[in-house]
Amino acid sequence: METTFLSTAKPFLSSSTPSSLSSLTNRPLLFSCPQQKCNPRRPLTSCKALSDESLPVPAASPIIITKRSLSICFLTSFVFSLASRGCSSSNAAILEADDDEELLEKVKRDRKKRLERQGVISSANKEKGYLQDLVYKLSKVGQAIDNNDLSTASSVLGGSTDTDWFKKANIAFTKLSSSPEEKIEVDTFNSSLSSLISSVTSNDIESSKIAFVSSATAFEKWTTLTGLFGQLKGL
């Protein structure tokens, strides 16, 4: 039985094999492609390009602003503004306090000097007498010059500054002058009086008038600075 099956199998294989092979070789391939256009790497490249183009470009993440963040920003800026205002106000208050202290100290110093000056003037009766005599002489000289009477003016003034009344007047000036402004007016008076004596001696009426006005003005300024203006008669 086995012999019969094998014997029948040989003709079957021999007769069926050629037709089967020819049918397989003549059958078109399902995945075949033209030889010139077929490229085994092209699908990969196409897939890669497709995958690159198909991927979405990530958009920039939007800035999310919430009410809470706005509140925090506003509160922070408000606190900083209050802090800066507080610092500036504190600095201004310190400066104002310093200015007030300096002003107060200046007022105290000025008041102390004024009281000291009043004490000196109150006790300087002899010096005030010298100055009162000077006022009388200047008044007589002024009247004589106004009347073009230079001989009378010369007799009152004397021929030079080396006179008793002039020396006594400068003693009073020295004792009662304390500030630089007062000393400047004393120098101006002495210089103008020297020019007045010289002009009167030379019978120069115009120069005598100019020198007299300069002398009287310097003396009046000095009495105002020292506080003697209301204490001397004839001014």
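**Close-up views of a helical chain**

Helices α7 and α8 are roughly antiparallel to each other, a term that applies to angles over 145 degrees, whereas angles under 35 degrees count as roughly parallel, 65 to 115 as roughly perpendicular and the rest as oblique. This is a predicted model, in which local features need pLDDT of at least 70 and side-chain atom pairs count only at pLDDT 80 or more, while totals for chains, interfaces and linings use all residues. Residues are numbered from 1 along each chain as its sequence is written, and side-chain values use heavy atoms, with hydrogens and water left out.

**View 1. The pair α7 and α8.** The two axes come within 8 Å and cross at roughly 155°; axes are lines fitted to C-alpha atoms, for helices over the stretch in contact, and angles run from 0 to 180 degrees between N-to-C directions. The crossing of α7 with α8 is left-handed, a word used if the near helix is turned anticlockwise from the far one by less than a right angle, and right-handed if clockwise. Residues that make the contact include Phe189, Leu193 and Leu196 of α7 and Ala211, Phe212 and Phe219 of α8. Contact means heavy atoms within 4.5 Å.

**View 2. The whole chain.** The chain holds eight helices and zero strands; helices (H or I, at least four residues) and strands (E, at least two) are DSSP runs, numbered from the N terminus. Of its 235 residues, 22% count as buried, where buried means under 20% relative accessible area, exposed over 50% and partly exposed in between (1.4 Å probe, protein chains only). Among contacts between residues at least 6 apart in sequence, 71% join residues at least 24 apart.

**View 3. The largest nonpolar core.** A nonpolar core is a set of buried Ala, Val, Leu, Ile, Met, Phe, Trp, Tyr and Cys residues joined through side-chain atoms within 4.5 Å. Of the 32 residues in the largest one, Leu131, Phe173, Leu193, Leu196 and Phe219 touch the most other members. Helices α4, α5, α6, α7 and α8 each give two or more residues to this core, and the largest share, seven residues, comes from α4. Leaving aside neighbours within four places in sequence, Leu196 is in contact with Val141, Ile145, Leu157, Ser208, Ala211 and Phe212.

View 4. In helix α5 (residues 150–157), the buried residues are Leu150, Ala153, Val156 and Leu157. They lie on the same side of α5 because they cover an arc of only 120° around the axis; the arc is that of the directions from the helix axis to the C-beta atoms. The face turned away from this buried side carries the exposed residues Ser151 and Ser155. The cover over the buried residues includes α4 (125–146), α6 (164–176), α7 (180–201) and α8 (205–226).

**View 5. The pair α4 and α5.** The axes of α4 and α5 come within 7 Å and cross at roughly 165°, so the two helices are roughly antiparallel to each other. Their crossing is left-handed. Among the residues making the contact are Val141 and Ile145 of α4 and Leu150 and Val156 of α5.

**View 6. Positive phi values in two loops.** Most residues other than glycine have a negative phi. Asn148, however, has a positive phi near 60°. Asn148 is found in the loop between α4 and α5 and is exposed, with a relative accessible area of 51%. Asn203 also has a positive phi, near 60°; its place is in the loop between α7 and α8. Asn203 is exposed, with a relative accessible area of 58%.
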